[in-house]
Amino acid sequence: MTWNSALMLLTVSLAAPLVVVAAGAVRVRLAAPAAILMTSLAFLTVLASFGTDNEALSVAWISDWGVEFTIRLDGLARLYALLATGIGLAVVIYATAYLPLHLRHEHRPEGEIIRFFGYLLLFMGAMVGLVLAQDAILLFVFWDLTAIASFFLIGYDRDKDESRAAALMALLVTGISAIGVLIGALLAWHELGTFDVPTILASESTSTTMGFAAALIAFGALAKSAQAPLHFWLPKAMAAPTPVSAYLHSAAMVAAGVFLIGRMYPLMARFEWMTTAFVVVGLTSMLVGGVLALTRDVLKHILAYSTISQYGYVVFLFGLGGSYGVKAATFYVIAHALSKSALFLTAGAVTEATGQKNLSGVGGLARRMPVLAIGSGMAAAGLVALPLTIGFFKDEFYFAAAWDKGPAFGVAAVVGAALTFTYISRFWLGMFGPLGRNAAVPNAPSPLPGRLVWPIVVLGATVIAGGFWVRPFADLAAAGASVSELHHIELHGAYHLDTRPENLMALATWIAGLGLLATQRVWWPAAMAFSRLGRAIGPERIYGLTLGALNELSDRIHVFEVRDLRSRIASILLPAGVLVGVAVYVTPNSSEFEVGSIRWDDAPTVLMLGLASFAALAIALPRDHLNLALILSCVGYSLAVLYAFQGAPNVALVAVLIETLFTLLFIGMLILMPRSILRYETARRTEGFRLRRDALMAIISGVMAFSVVWGVLSKPAPTATAISEHIALTPDAHGKNIVTVILADFRGLDTAGEITVIAITLLGIISLLRIGRLR
Amino acid sequence: MTTILTKLVARTLLIPSILIALAIMFKGYSDVGDGFSAGVIAGLGVLLQAVAFGVDELDRLPLVRYAPAGTFVGLLLALGTVFAPWVGGKPLFTHSPGVGEHVTHFGTLEFITPVLFDVGVFLVIFGFVVGIIGAIGRAQTRVLRDRRRHDDARARQRAAAQQAGGGQ
């Protein structure tokens with residue numbers, strides 16, 4: 001195994017959470033610096049990888065099934081790794097100041113910060129692994145790891161119901177849809193016989209199987225990117241602490257969705273219905289997210305709906321395809337992640353300074369917090385695509401791609417962009433500008449620590465720098481898009497002062513956006529009505545109803561099953577009996593059930609079996625528990641004698657010992673039972689319907705066991721060969737007692753597993769009897 | 001209910017039961033028996049002590065006091081024989097000496113690794129049985145004590161009520 005930059009990056013990223021937890025275990029204060037150190041290290045590893053080799057590195061993993069541990073730092077991986085670690089670094093630095101304040105607000109111990117950074121960096125590691133993975137199964141593993149890490153991050157404030165519900169929702173939506181990715185990978189394997197992603201992409205198969213594979217993978221990707229109609233988990237996930245929202249919902253988790261589309265694009269672009277679906281889903285998300293973002297008052301909710309809408313752009317662009325679509329989409333991800341993470345961090349900083357979470361609670365903060373205002377202003381300018389920001393180019397490419405496809409798409413693109421212009425302006429001007437409803441905040445904002453401000457400024461400055469020097473960003477996007485398109489792509493951004501369609505569309509967007517800002521009174525009722533409609537019949541409501549119904553169903557089954565011992569046994573034996581009955585009935589089995597002849601020397605066997613059967617039937621008679629235990633032991637002893645007659649002294653010895661021990665322990669346990677229960681059970685008579693029902697259940701399960709045993713005993717061929725093999729091999733194992741040799745040698749691993757279970761059971765029983773309430 | 005006779009028999013049988021258990025275990029490869037039966041036999045010997053003398057008496061027998069902890073020693077020993085060959089680069093559970101190699105004998109006892117594994121099994125089972133006897137016995141003592149207290153309290157209440165009734 002040779003070290004290359006991909007392996008180095010993966011190692012650093014996956015080691016990061018462990019280093020943080022270890023540092024935190026030494027001293028709580030060390031966790032935050034360790035997190036900064038490891039994130040910087042990962043970021044520098046990505047930066048250092050430019051211009052170096054990008055060879056794939058492959059290690060055999062599950063070679064029987066063709067699963068390999070293959071990673072490669074290609075253009076697309078580098079782009080997303082850069083976002084994950086770079087924006088990750090800004091967020092981690094911000095969080096080192098934010099989290100102590102957050103924990104103090106919540107009255108939680110300082111040490112919980114370790115958990116936060118542990119999961120945040122675990123998420124980063126999973127994200128890096130995801131973008132590097134070149135094997136579909138490896139990709140799925142990291143994909144699921146991001147979902148798990150996000151569950152713990154979103155539910156970080158575990159004392160709050162809201163956080164836990166949001167975490168569960170995110171896990172269910174992204175986790176269940178992740179199964180789609182796995183099934184997609186398996187379908188592709190079924191068709192092509194490989195999990196290797198480049199091979200899957202290079203194949204040009206357009207069979208139905210591959211269509212299903214593409215659709216299922218796209219389903220997982222769209223759910224992760226919070227696209228309509230599975231967008232509802234994202235606004236709920238805002239219950240997480242702000243750094244989590246800034247990271248997961250700008251540069252990482254939702255970006256993972258569009259990353260997967262980018263990675264699998266050659267597979268998806270093969271099917272025209274697929275790209276059409278992308279256009280429809282993208283446009284819907286863009287418009288739904290945009291309109292809902294206009295109606296929200298909570299700062300982070302505005303940004304959450306904005307994210308849905310922005311990733312709608314990206315999916316829309318992937319759907320448009322053509323000469324611009326993919327590279328425009330890839331570039332869009334970069335520009336959006338920079339701006340949106342800065343705006344999320346701004347929302348957190350403003351809330352921290354003023355104590356207000358809502359847009360209506362703040363206003364006119366520009367004079368009080370000029371640095372924050374400028375930093376976030378630069379980011380907001382990028383998102384609304386003003387010239388001299390990187391965002392201007394994202395919209396130029398976006399307009400070009402839409403216009404390329406047709407005027408109708410161009411109009412839709414302008415509408416979406418105008419909505420973005422409006423809600424982002426409303427967001428920024430509402431906080432810092434004169435638009436705020438109460439321009440004078442009642443309490444002067446408290447001064448913020450520097451680490452809550454300057455990561456925002458750095459991100460904002462990057463947005464501006466991209467407006468002046470777009471080349472590195474365009475190259476990065478082109479390298480990524482080349483991977484998605486499977487051939488080399490160039491992307492150039494420049495300002496043109498002429499009347500090309502992109503420029504006119506940008507102009508139209510600004511005018512429409514300003515118009516929307518000015519006419520808020522006109523559209524406000526309509527937008528609110530749409531929001532109410534969504535709440536009443538939207539997908540979130542369906543999710544809630546489904547979850548509630550499933551819970552109810554599970555509760556009912558549970559209540560039925562655990563009502564008493566009888567129903568618990570019945571719920572296992574009865575379905576098993578019916579299924580076995582069906583199986584026995586439908587399989588051809590005339591030769592399976594043989595009745596042999598009984599000879600004179602079978603007499604001891606018949607005698608003992610008769611005794612055992614008699615005792616087994618007699619169990620139904622006594623009412624008190626002591627007699628029950630004794631008759632039960634009678635069955636066991638009869639069988640032990642039977643083994644002895646059959647010439648199996650070892651088995652007979654074990655049977656006698658076990659029967660003795662169990663009977664004694666059984667009687668010992670009876671003393672522990674509350675007398676009232678024993679008396680009640682003894683006195684109870686089962687009559688009428690219940691008696692007939694219990695008898696029926698007993699007969700069904702008895703017939704099942706009988707027919708299974710009979711069937712097995714009629715065809716003892718395979719076990720017989722195994723046994724004769726064991727007998728033949730016993731001298732080689734230096735033994736004479738076959739049973740012991742089987743236990744300690746031939747099937748020794750089974751024994752090892754069983755004694756492990758016994759040891760664990762002992763722990764369980766001792767702790768149960770020590771603390772359990774048995775009276 | 002425990003007479004001097006049961007006590008005598010119980011105490012007399014403890015050492016033989018453990019000796020028989022050890023014999024059965026070590027001769028397991030050439031004769032009837034294995035670590036599992038040995039563990040149960042020794043455990044039954046201990047159960048007899050618990051019945052005759054009470055559970056608290058068990059703690060006074062050093063062999064018995066450490067038996068539940070011995071479960072985990074036995075587990076480690078058994079798993080050690082499973083994994084030791086693996087550390088040496090051989091498949092799991094490769095016993096030595098191997099097929100056809102010379103085996104040192106001491107009477108019927110063979111010096112081979114499966115016997116070591118069986119000793120582990122014996123310790124696990126013996127510890128399990130003794131541990132459960134102890135746990136159930138202690139729980140019984142507690143339950144019976146609580147019941148007696150409960151009955152006493154009730155009897156006192158009844159007596160007090162009767163007294164109050166008689167005073168009227």
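In the predicted model, A:Ser341 lies in helix H15 of chain A, which spans residues 325–354. The relative accessible area of A:Ser341 is 0%, and because the cut-off for a buried residue is under 20%, A:Ser341 is classed as buried. Leaving aside residues up to four places away in sequence, A:Ser341 is in contact with A:Ile87, A:Ala246, A:Ser250 and A:Leu459.

The size of an interface is often expressed as the accessible area lost when the parts come together. For chain A and chain B, the buried area is about 4,100 Å², and 74% of this area is on carbon and sulfur atoms. Within the area that chain A buries against chain B, A:His734, A:Ile755 and A:Leu762 supply 16%, more than any other three residues. The contact involves 46 residues from chain A and 54 residues from chain B.

On the side of chain A that touches chain B, at least two residues each are supplied by helix H27 (649–672), helix H31 (738–746) and helix H32 (748–771). The largest share, 15 residues, comes from H32(A). Classified by residue type, this side of chain A comprises 28 nonpolar, twelve polar and six charged residues.

Note on methods: Residues are numbered from 1 along each chain as its sequence is written. Chains are lettered from A and ligands numbered from 1 in the order in which they are written. This is a predicted model: local features need pLDDT of at least 70, side-chain atom pairs count only at pLDDT 80 or more; totals for chains, interfaces and linings use all residues. Side-chain values use heavy atoms; hydrogens and water are left out. Contact means heavy atoms within 4.5 Å. Buried area is the accessible area (1.4 Å probe) that two parts lose on being put together, summed over both. Helices (H or I, at least four residues) and strands (E, at least two) are DSSP runs, numbered from the N terminus. Ala, Val, Leu, Ile, Met, Phe, Trp, Tyr, Cys and Pro count as nonpolar, Asp, Glu, Lys and Arg as charged, and the others, Gly among them, as polar. Buried means under 20% relative accessible area, exposed over 50%, partly exposed in between (1.4 Å probe, protein chains only).
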